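Here is a model to go through by question and reply. Each reply sets a value against its criterion and then concludes.

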Amino acid sequence: NAGKIDALMSEIAIATKEQTLGIDTVGAAIQDLDQGTQQNAALVEETAAAAGSLAEQAQRLADDIAFFQFK
């Protein structure tokens with residue numbers, strides 16, 4: 001009986017360590033995903049700002065070209 005209990009306790013300890021490693025791995029993966037998401041969000045903001053600036057420049061160019069009359 002004592003041998004069985006020791007074996008069960010050993011298995012529980014091993015399983016606990018494996019679960020801890022698995023949880024740590026999942027936690028690291030979630031951190032990586034979060035970091036990627038934050039970087040993507042920053043890139044989206046930069047792209048939106050660049051698109052807005054480009055639209056303003058295009059409008060100014062259109063206004064400047066409108067000054068000329070083409071025949």
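Q: What counts as a positive or a negative charge here?
A: Lys and Arg count as positive, Asp and Glu as negative; His and the chain ends are left out. On that basis the chain, a predicted model, has 4 positive and 11 negative charges. Their mean positions lie 5 Å apart.

Q: What makes Met9 exposed?
A: Exposed means over 50% relative accessible area. Met9 has 52%, so Met9 is exposed. Met9 is found in helix α1.

Q: Which residues form a nonpolar patch on the surface?
A: The patch consists of Ile5, Met9 and Ile12. A patch residue needs over 30% relative accessible area and no salt bridge, and nonpolar side chains are joined within 5 Å. Together the three have about 320 Å² of accessible area.

Q: Why does Gly27 count as partly exposed?
A: Buried is under 20% and exposed is over 50%, with partly exposed in between. Gly27 has 32% relative accessibility, so Gly27 counts as partly exposed. Gly27 belongs to helix α1, which runs over residues 2–66.

Q: How far apart in space are Gly27 and Ala50?
A: The C-alpha to C-alpha distance is 35 Å. In sequence, 23 residues separate Gly27 and Ala50.

Q: Why is Ala66 called exposed?
A: The cut-off is over 50%. Ala66 has a relative accessible area of 58%, and therefore counts as exposed. Ala66 is placed in helix α1. From Lys17, Ala66 is 49 residues away in sequence and 73 Å away in space, C-alpha to C-alpha.

Q: Where is Phe67 found, and is Phe67 buried or exposed?
A: Phe67 is in the segment after α1. Its relative accessible area is 65%, so Phe67 is exposed. Phe67 and Asn1 are 66 residues apart in sequence, and 99 Å apart from C-alpha to C-alpha.

Q: How many helices and strands are in the chain?
A: There is one helix, and there are zero strands.

Q: How does the radius of gyration of the chain compare with that of a compact globule?
A: A compact globule of 71 residues would have a radius near 11 Å. The chain has 31 Å. Along its principal axes, the C-alpha trace spans about 105 × 15 × 10 Å.

Q: What percentage of the residues count as buried?
A: Buried requires under 20% relative accessible area. Of the 71 residues, 0% count as buried. The accessible surface of the chain is about 6600 Å², with 63% belonging to carbon and sulfur atoms.

Methods
Residues numbered from 1 in each chain as written. Predicted model: local features only at pLDDT ≥ 70, side-chain atom pairs only at ≥ 80, totals over all residues. Heavy atoms only, no water. Helix = DSSP H or I, 4+ residues; strand = E, 2+ residues; numbered from the N terminus. Rg over C-alpha atoms; globule rule 2.2 N^0.38 Å. Buried < 20%, exposed > 50% of the residue type's maximum accessible area, 1.4 Å probe, protein only. Areas by Shrake-Rupley, 256 points an atom, 1.4 Å probe, with all protein chains shown as cover. Charge placed at Lys NZ, Arg CZ, Asp CG, Glu CD. Patch = residues over 30% accessible without salt bridge, like charges linked within 9 Å, V, L, I, M, F, W, Y side chains within 5 Å. Salt bridge = Lys/Arg side-chain N within 4 Å of Asp/Glu carboxyl O.
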